[in-house]
Amino acid sequence: MPIKFKPVDVDIFMSTYLSLGKQNRISHEALDKMGKVAKGLDLATNGIELFKRMNIRDQHDVNKRFAPVYEILTNQHSKHYEREKEKITEISEALKRRATKDPKVRGHYISRYKNNQNKIKIEKSLIEKEILKHTGIKALNVDNADLFKHKSEACRLQLKILRDDDAETVIKKANNNLSDTKKNIAFLYNQLSEIRRHAQKRMSNLYYILHLAVENKIYSTKDIGCGPTTWKGHLLADAYAKKYFGTQRVYGRRKHIEREIPSLYGKQWQTTLIDYCHAHDVLKAYQYALKKETHDGGLWQNGAERR
């Protein structure tokens, strides 16, 4: 679920806290109520109100406010002393964490988070248009359907990251997948290198042309109906596969109609290159997510607190 800044129930926390002294005993129910509020303090929009009512300015004040609570628990000789003590400690620690955050800094991030929603909506709209555009092209160009399928999947991945406003979850996902994605890229590169050994003509430097492909560099500015030709499109074209890997003859729907298509190695070149470029799209999406959250609006005051 996306992170949502929302108020906590200060009244419940205060009334429960004050009742502990009046009743001179600690109950599970009371600690659960206070614990629920305490857990929401990190993202609370009204945390300052709670500290004002409890007259808390720093961690030392938190210790002072909870010292009587620990004393009450000790005196009542509860069978569940350790469990209740642990709950009280969790509540006080949550207040201490929130007390160390600069209200002005946190207010800045809350404001920035809300302002970013409009930017996110715009980005989502553009990516959704990209998906629709490539879906349309896919229908017109059956031979290169996989190319646009993977492009669409890359767009959907970015869209998923944009929709997940939970910065901690995004970073966790990105870090977990970044290493695997890099390993997959290395594996696919080795596959392309092996396929290249079967080329019937000398090919250009593999690393160089793949770099041009993944960076979407322009191969030719000549417009053949779909805009300029990119290196990626050039390397994936049937003409390129036929030129370097030869052809094979296949029958069409009518047996008397034959057509030449890229050889098996040519087809392997195309499908592996599609996967290679797709893997780079995935890598860029994860890197973008990490860069976005660490530089363009992290939700935490201190990056170390996120880990």
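Q: Is arginine 249 buried, partly exposed or exposed, and what cut-off decides this?
A: A residue counts as exposed when its relative accessible area is over 50%. In this predicted model, arginine 249 has a relative accessibility of 55%, so the residue counts as exposed.

Q: Which residue does the side chain of arginine 249 meet in a salt bridge?
A: A salt bridge joins a side-chain nitrogen of Lys or Arg to a carboxyl oxygen of Asp or Glu within 4 Å. Here the partner of arginine 249 is glutamate 260, with a distance of 3.6 Å from N to O. Because arginine 249 belongs to strand β3 (residues 247–251) and glutamate 260 to strand β4 (residues 258–262), the pair ties together parts that lie 11 residues apart in sequence. Glutamate 260, at 39% relative accessibility, counts as partly exposed.

Q: How many salt bridges does the structure hold?
A: There are eight salt bridges in the structure. Among them is the one between arginine 53 and aspartate 11, whose closest N and O atoms are 2.7 Å apart. Arginine 53 sits in helix α3 (residues 47–54) and aspartate 11 in helix α1 (residues 10–23), so this pair ties together parts 42 residues apart in sequence.

Q: Which residues are linked with Arg53 in a network of salt bridges?
A: The network links Arg53 with Asp11 and Glu49. Glutamate 49 meets arginine 53 at 3.8 Å, N to O, and both residues lie in helix α3, four residues apart, which is about one turn of the helix. As for accessibility, arginine 53 is partly exposed at 41%, aspartate 11 is partly exposed at 48%, and glutamate 49 is partly exposed at 37%.

Definitions and conventions
Residues numbered from 1 in each chain as written. Predicted model: local features only at pLDDT ≥ 70, side-chain atom pairs only at ≥ 80, totals over all residues. Heavy atoms only, no water. Helix = DSSP H or I, 4+ residues; strand = E, 2+ residues; numbered from the N terminus. Buried < 20%, exposed > 50% of the residue type's maximum accessible area, 1.4 Å probe, protein only.
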